[in-house]
Amino acid sequence: MFRTLAKATAAIAVVCTAAGAGLALDEGRAGAATPTAGAATRTAGTATRTAGAAFTGSDFTGTRKIRVDGHSVNVSCAGRAHRGRPLVMLMAGGGEGLDNMAALQKSLSRTNRVCSYDRLGEGASDQPAAGTLQTMDDTGALLTGVLDRLAGDRPVVLAGHSLGGYIAARYTPGHTDRVKGLVLLDATIPHLTRDMNRTIPADATGVPAQVRDGAIAANEGQNPEQFVIADGPVRSAGHIPVEILKHESQYAEVPEYGPALEKMWADGQREWQRISARSSLTTAKGSGHYIHTDRPDLALKAVQKVAHRAAHQH
């Protein structure tokens with residue numbers, strides 16, 4: 001999550017994990033960036049692997065730096081690899097380093113091989129190239145490179161929170177040869193810019209206007225990853241197991257639009273169900289946006305359930 005707004009508007013974070021970041025970042029970048037030159041091209045429906053990648057992540061425990069496409073990427077792994085069991089890859093929200101999901105990683109590591117990584121612009125990884133925007137092609141290529149190094153030929157379960165969930169959900173349909181299960185923890189919704197404009201009108205002022213304008217600015221790339229959070233339809237990943245958890249309540253700081261924002265978010269989570277014929281949506285009772293912190297029991301159960309199913313699907 002990008003934590004650049006005052007506490008009075010903290011509730012907007014759930015809107016896109018990046019909401020409001022543009023209000024505090026360098027406004028000079030807005031509109032000046034162009035897509036990253038030389039970004040790896042991905043053919044729709046395929047799962048192209050990073051050329052020459054080696055499998056080196058089978059035995060280390062702890063945090064280290066690896067090189068992916070010329071970038072230094074901070075990764076962390078724990079737990080033992082078991083034959084037939086997938087690697088679980090945790091993906092934190094925007095503005096968060098991998099430490100944000102460390103507690104969940106520790107719990108999962110008792111029965112799974114589990115890793116996490118910092119995307120470019122986050123944590124201890126390299127920054128994106130100055131004056132550029134990252135797209136799903138770019139962040140997807142980085143994820144592929146990380147998986148090449150840490151998972152090798154083993155199946156993978158992606159478990160993402162917020163923006164990490166959005167990236168995982170966009171990545172999975174084109175990589176079902178490798179990704180065999182998916183967990184979305186209050187993932188950023190598929191049509192956030194469209195739905196935000198529909199939910200908070202253009203004549204809104206004060207905190208609601210900050211919520212709307214901050215979310216849209218962040219979606220356009222005004223965030224630490226310089227990542228464009230683009231609206232788009234949900235693509236199918238077939239019949240892989242998918243668990244989707246949504247928060248129970250988050251919008252107390254925007255009372256006049258709270259119910260509408262909650263409906264917007266819930267509708268977006270239902271959209272993510274289209275990703276698989278084997279998807280399940282659950283409301284995490286007693287949880288705000290950080291489900292893995294507020295209800296770690298439910299997050300752990302969801303990942304373990306998907307990992308078990310991924311290991312036994314034929």
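This is a predicted model: local features need pLDDT of at least 70, side-chain atom pairs count only at pLDDT 80 or more; totals for chains, interfaces and linings use all residues.
Residues are numbered from 1 along each chain as its sequence is written, and side-chain values use heavy atoms, with hydrogens and water left out.

**Figure 1. Ring pairs link Tyr-166, Phe-227 and Trp-272 into a cluster.**
Rings of Phe, Tyr and Trp (its six-membered ring) are paired if their centres lie within 6.5 Å; planes under 30 degrees apart count as stacked, over 60 as edge-to-face and the rest as tilted. The pair connects distant parts of the chain, 61 residues apart: Tyr-166 belongs to helix H4, and Phe-227 to the loop between helix H6 (206–219) and strand E9 (241–246). Helices (H or I, at least four residues) and strands (E, at least two) are DSSP runs, numbered from the N terminus. Both Tyr-166 and Phe-227 are buried, where buried means under 20% relative accessible area, exposed over 50% and partly exposed in between (1.4 Å probe, protein chains only). For the rings of Tyr-166 and Trp-272, a centre distance of 6.3 Å and planes at 75° make the pair edge-to-face. This pair also links distant parts of the chain, since Tyr-166 is in helix H4 and Trp-272 is in helix H7 (residues 258–272), 106 residues apart. The relative accessible area of Tyr-166 is 2%, so Tyr-166 is buried; Trp-272, at 0% relative accessibility, likewise counts as buried.

**Figure 2. Strand E7 (residues 156–161) is mostly covered, with six of its six residues buried.**
E7 runs parallel to strand E4 (residues 87–91), to which five bridges join it; two strands pair if DSSP finds at least two bridges between them. Within this pairing, Met-89 has Leu-158 of E7 as its bridge partner. Strand E8 (residues 179–185) pairs with E7 in the parallel sense over six bridges, and Gly-181 in E8 is the bridge partner of Val-157. Together, E7, helix H4 (residues 163–171) and E8 form a right-handed β-α-β unit. A crossover is right-handed if, with the strands pointing away from the viewer, the path from the first strand over the helix to the second runs clockwise.

**Figure 3. Ser-162 and Asp-186 have positive phi values although neither is a glycine.**
Most residues other than glycine have a negative phi. Ser-162 has a phi of about 60° and lies in the loop between E7 and H4. With 0% relative accessibility, Ser-162 counts as buried. For Asp-186, phi is about 50°; this residue lies in the loop between E8 and helix H5 (192–199). Asp-186 is also buried, with a relative accessible area of 0%.

**Figure 4. Helix H3 (residues 136–150) is largely enclosed by the rest of the structure, because 13 of its 15 residues are buried.**
At 1.5 Å a residue, the 15 residues of H3 should span 21 Å, and the 20 Å between its end C-alpha atoms agrees with this. The expected span is 1.5 Å times one less than the number of residues in the helix. Gly-152 follows H3 and has a positive phi, near 60°.

**Figure 5. Strand E3 (residues 71–78) pairs with strands E2 and E5.**
Seven of the eight residues of E3 are buried, so the strand is largely enclosed by the rest of the structure. Seven bridges pair E3 with strand E2 (residues 62–68) in the antiparallel sense, and Ser-76 in E3 is the bridge partner of Thr-63. The hairpin of E2 and E3 has two residues between the strands, and in it Asp-69 takes a positive phi near 50°. Strand E5 (residues 114–117) is joined to E3 by four bridges and runs antiparallel to E3; there, Ser-116 is the bridge partner of Ser-76.
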